Amino acid sequence: MDSSGAEASTHSESKDNIAPSTSNIPGQGGDGPKSKKASLKRSAGEPKNAKKTKKQKKARVSRPAQLGYTVHQGEDMLLVISSSTSQYDGSAWMPPKKGRKKKKLVKGKLKAKPIKKKKTVRAKAALANNPVIKTQEAAAPFVPQKAVDHRWGESLPEEVLINIFQMVVVQDGAVPFLCRAGRVCRLWNAAASSPVLWRQVTVGHCWIAPGKTQLPKTEQKIKGTFDWLASNRFSQLRDFSLCHWKKNVDYAVGVVSQFCPHLRSLALSYCTGLTASAFQVLGLHSRSLQSINLQYSEFQVEGLLEYLENHGSQIKQMWLTHGLKNDRLLSAITRGYCPDLEFLEVNTRLDSKECELSLCIQALQGACPKLKYPTVLTHGTSTSIVNSDQTFRMLNVRLRHKTMRSAADSALGFPLLEELCMATTSYSYMTDKDLLDTLFGSTRLRVLDLRGCTRITPSGLAALPCLELECLFWGHYYSSHVGSSAPKKGLHQVTQKWSQTLQQLDIANQLFTEEDLEIAMRYLAQATEADTLRSLNLSGTRVTPPALRSVISQLTALSYLNLSSCRYLPRGLKKIYRGQEDIRQLLDKL
């Protein structure tokens, strides 16, 4: 009995000791319910926090024994301390090892770039193991190239170098190219000093910007340079131009006229300060001067009048700008100061308000019977042909004809006239009678520019005596009268008369009827034997597709066709056609 009681007592004690650890595990046999009740009774008297703390303490104590490390919590970090006597050292401490591996990999990645650089450096060193072969291979083609470049500058014949310089001078001018080329070497200096290259010289702003004052040293340098050029380079100078000079114009003109006996042309563009003394020097030394261009320049009119009175017989070409003072020059020309004048051009400044010019055509015919290219221009855009060269001009003059008191010289006319330009962009006083009075004796007329002349009619053009007209410009541009007049008729008279000789025809914005345009185009198409028409401007007209088809199909030499703003054509066809192939494609669309 005692032994059984003792065993029972010890058994109960063991249950009491095991109950706290096994109370939460289900399926522990018959003692399970009793242990649960005992744990509930004990836990009812204890606070909840105590139970949690006990479990946390037991968990902390058991983890280091199993894993071999301890964790301490700080304010902002966790401190992990490994146990040196742990049997799991090296196998269970996986997180630190992984971290170290990652760090090693990162370090390896960072070191990968310098390793590659080392490899590239090693590759270069490996390639440089045979330096003798490399130097021989590189030096073999390089040494002859240096020798060839060096010999080209010294052994080139001077005549060949002069021809090369001549092509550059034609395109870019003699100054400052020849001045810079002469500093390269002795051969280039000898070639650049050839008088043949200095026959046409244009001098602009070489020392000072426009509008700025010149210092005394700069002015002295300009004069010294001009003296040296005139005495050493201008011995065969023919054409001299001076642009945008505000000072020393008299000095430059005087030096050029003294040292250049072969001077034929003098042009001053946007220059000021030309006095009578310069014209006197020209009269004394420049006996071969034939052309004077003083457009947009300020000069003493009295000095030029005196020069024309004494030496006007040698002048054949003259360019003037319309103004209150310069009109006296036209009066002097009509009085016979320049009897051999062949070319005359008059225009105005773009900002000028005085565009009206009174001129007696009959007096000009009597004073200048050799006149070939008289042009009275207005500001705008003009295309005319002078000496078979196409030029563009800015225009702004309205010519008013004066009547001549005595009709003795009225029958002279311009028998040698080849071009007449009376274009305007604002208003024109010229009528059919004025045009006939001007051209009644001009049977050699080739170019007639009447753009903006709204009073000219087709019958007036058909009455002209010239039979071989090549270029007729009769369009209306930027005029207040465009589109305001009634439809016209009679264009077929013009195309019928000059269908065999016309090369350029411009009737832009002319309000001819559709029927009249179709007849006129038919006359142009009949000139298949001549086939001379190259340019046709029908912009703003009432031309129809059938009329166009008849012209394009017959005239194979046509290379320019303007159909912009043609109201009777489809939208896709209203444009400018350039080239014969482009025009043939248009024929397929009509």
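Asp449 and Arg451 are both buried, where buried means under 20% relative accessible area, exposed means over 50%, and partly exposed lies in between (1.4 Å probe, protein chains only). The side chains of Asp449 and Arg451 meet in a salt bridge, at 2.8 Å from N to O. A salt bridge is taken as a side-chain nitrogen of Lys or Arg within 4 Å of a carboxyl oxygen of Asp or Glu.

The structure is a predicted model, in which local features need pLDDT of at least 70 and side-chain atom pairs count only at pLDDT 80 or more, while totals for chains, interfaces and linings use all residues. Residues are numbered from 1 along each chain as its sequence is written, and side-chain values use heavy atoms, with hydrogens and water left out.

Under the salt-bridge rule, the count comes to 10. One of the pairs is Glu302 with Arg328, whose closest N and O atoms are 3.4 Å apart. Glu302 lies in helix α12 and Arg328 in helix α13, so this pair ties together parts that are 26 residues apart in sequence. Helices (H or I, at least four residues) and strands (E, at least two) are DSSP runs, numbered from the N terminus. Glu302 is partly exposed, at 48% relative accessibility, and Arg328 is partly exposed, with a relative accessible area of 41%. Another pair, Glu518 and Arg522, has its side chains joined in a salt bridge at 3.8 Å, N to O. Both residues lie in helix α18 (residues 514–525), four residues apart, which is about one turn of the helix. Glu518 is partly exposed at a relative accessible area of 30%, as is Arg522 at 44%.

A disulfide is a covalent bond between the sulfur atoms of two cysteines, and the criterion applied here is a pair of cysteine sulfur atoms within 2.5 Å. By this rule the count is zero. Among the cysteines, Cys466 counts as buried at 1% relative accessibility, and Cys566 is buried with a relative accessible area of 0%.

The largest pocket holds about 580 Å³ of space. Of the 27 residues that line this pocket, the closest to its centre are Gln200, Val201, Thr202, Asp239 and Ser241. Two or more lining residues come from each of α6, β3 (200–203), β4, β5 (265–269) and β6. Strand β4 gives the largest share of the lining, five residues. Pockets were found on a 1 Å grid over the protein atoms alone: a pocket is an open set of points with protein on both sides within 12 Å along at least five of seven lines, a cavity is a set where a 1.4 Å probe fits but cannot get out, and lining residues have an atom within 4 Å of a point. Grid points are joined across faces, edges and corners, and a volume is the space filled by probe spheres set on the points.

Helix α6 (residues 158–172) contains Val160. Val160 is partly exposed, at 37% relative accessibility. Together with Ile164 and Met167, Val160 forms a nonpolar patch on the surface, with about 260 Å² of accessible area for the three residues together. Patches are made of residues with over 30% relative accessible area and no salt bridge; like charges are joined within 9 Å and nonpolar side chains (Val, Leu, Ile, Met, Phe, Trp, Tyr) within 5 Å. Accessible areas come from the Shrake-Rupley method with a 1.4 Å probe, and for residues only the protein chains shown count as cover.

Several backbone features fall in loops. Pro176 lies in the loop between α6 and α7 (177–181), and the peptide bond from Val175 to Pro176 is cis, with omega near 5°. His244, in the loop between β4 (239–243) and α10 (249–259), has a positive phi near 60° although it is not glycine. His244 is partly exposed, with a relative accessible area of 37%. Tyr296, also not a glycine, has a positive phi of about 60° and is found in the loop between β6 (291–293) and α12 (301–311). Tyr296 is buried, at a relative accessible area of 15%.

In helix α13 (residues 327–334), the buried residues are Leu329, Leu330, Ala332, Ile333 and Thr334.
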